[in-house]
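Hi everyone, thanks for making the time. I'd like to walk you through one model today, so please have the viewer open.

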Amino acid sequence: MDRNGVTEGEFEERGMNKCAEQVSHLALDIGGSLIKMVYFCGENSGSEHQQGILSSKESCGLSNGNTNCSVLGGKLHFRKFETSKINECLEFMSSKQFHRNGEDCHGASVSEKNIIKATGGGAFKFADLFKEKLGMTLDKVDEMNSLVAGANFLLKAASHEAYTYMDGQKEYVQIDQNDLYPYLLVNIGSGVSMIKVDGDGKFERVSGTSVGGGTFWGLGKLLTKCKSFDELLELSYSGNNRVIDMLVGDIYGGMDYSKIGLSSTAIASSFGKAVSEDKDLEEYKPEDVARSLLRMISNNIGQIAYLNALRFGLKRIFFGGFFIRGHAYTMDTISVAVNFCCCNAARSSVVREVFIVSHECTSCRSNHYCFS
Ligand SMILES: Nc1ncnc2c1ncn2[C@@H]1O[C@H](COP(=O)(O)OP(=O)(O)O)[C@@H](O)[C@H]1O
Ligand SMILES: CC(C)(COP(=O)(O)O)[C@@H](O)C(=O)NCCC(=O)O
């Protein structure tokens, strides 16, 4: 896309340079697969964003009477880096001189400015590296606490943040703040955590599974030779899982097993066809393998989530984490898995609503949130 003769990459780059002096908040989530970075970049005075919803004090989180901050509006920028390429993240931070930012807002000492909030396992693993390379100290924040606080905040403060996804239809839901709790939060990252949330700061991690986003990407990489996660996702769009999965109909001669509520098209055994067919991996199309894998993992997560909702009598499940990435087929499979379990449960279903929490800016659909 071209904006006034400036390509998108340049646009972002120029914006970044412009805001190098104006970054007022910076925080990191260093997970098993990805580093997620967020920073707030204020707009110059006189810009069209003057009417920003963040006042100078609010945007800087100040309560000490310091009104030096000139930020009136701006953007929350989100960036991601692969955790295995942490040096790219360090180089980015260094090139943007993040460790020198904040004077305008905080009037803080150099040592105070060099402390940044960080969550995820990497906040522990890489603390020394950040100190050594950038002179920054990571102020570690517990990842479950952050996850729940973030989900509660988004669900309450941002409209159009959660949506249901069924049969290709994305439907944003209006959350009644007085009827939010309890809910099950399913975070699909490298692994999967399932958390029962009862209120602000009131939660319990009730379950999880190691078969998560890392499994999809790891197995997918080995089986398809894809070089990137996006390539693997793209591939799964065009695949047909029925080529490799063993369906109920394959076992029952094309018929449903209606007595126990299984249709002929239901997957009886993921990758099961590969057992009876005398084929090597190379004889299967990578797109079919990718599709089977995505269905297997998404189904499994959906089913475990459903069982945990049933276990605690929860009527809502929210799914989040970078595995989903707004990918239609992933969301559809998760929704179908939950509904499949509901329909097949012996007693009446408890789960009534399945929501996917979005990751994008709800106003411009890009990877930053706009405050204007
Ligand atoms: N660009 C990407 N590179 C690698 N993994 C990605 C990417 N986009 C989405 N993913 C998926 O997201 C998962 C990581 O999700 P995330 O919520 O960031 O977890 P973590 O905190 O463990 O890194 C990966 O395991 C992979 O399945
Ligand atoms: C250890 C973790 C909390 C780390 O979070 P992540 O980086 O995967 O987002 C997560 O990977 C997890 O909950 N794994 C599942 C472990 C299990 O319940 O079997």
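Let me start with what I mean by contact: two residues are in contact if their C-beta atoms, placed from the backbone, lie within 7 Å. Keep in mind as well that this is a predicted model.

Now to the domains. The domain assignment of the protein chain gives domain 1 (2-141) and domain 2 (142-244 + 284-360). With that contact rule, 7 residues of domain 1 are in contact with 10 residues of domain 2. On the domain 1 side of this meeting, the classes come out as 2 nonpolar, 5 polar and no charged residues.

The residues surrounding ligand 2 include Gly31, Gly32, Gly120, Gly121, Gly189, Ser190 and Thr209. By class, that shell has 1 nonpolar residue, 11 polar ones and no charged ones. As for strands, β11 (192-199) and β12 (202-209) each supply at least two residues to the shell around ligand 2.

Ligand 1 also draws on both domains, with at least three shell residues from each of domain 1 and domain 2. There are 18 residues around ligand 1, and those that come nearest are Gly31, Gly189, Ser190, Gly213 and Phe322. The class count for ligand 1 is 6 nonpolar, 9 polar and 3 charged. Here helices contribute: α9 (213-224) and α10 (229-238) each supply at least two residues of the shell. The largest share, 4 residues, comes from α9.

How do the axes of α10 and α13 cross? They come within 7 Å of one another and cross at roughly 100 degrees, which makes α10 roughly perpendicular to α13. At this crossing, Leu232, Leu235, Ser236 and Ser238 in α10 meet Pro286, Glu287, Ala290, Arg291 and Leu294 in α13. The residues of that contact divide into 5 nonpolar, 2 polar and 2 charged.

One last stop, α13 itself. This helix covers residues 286-312, 27 residues in all, and spans 39 Å from its first C-alpha to its last. That is close to the 39 Å expected at 1.5 Å a residue. Just after α13 comes glycine 313, with a positive phi of about 65 degrees.

How values were computed:
Residues numbered from 1 in each chain as written. Chains lettered and ligands numbered in written order. Predicted model: local features only at pLDDT ≥ 70, side-chain atom pairs only at ≥ 80, totals over all residues. Near = placed C-beta within 6 Å. Nonpolar A, V, L, I, M, F, W, Y, C, P; charged D, E, K, R; others polar. Domains from an automatic or database assignment. Expected span 1.5 Å × (residues − 1). Axes fitted to C-alpha atoms, helices over the stretch in contact; angles between N-to-C directions. Parallel < 35°, antiparallel > 145°, perpendicular 65-115°, else oblique.
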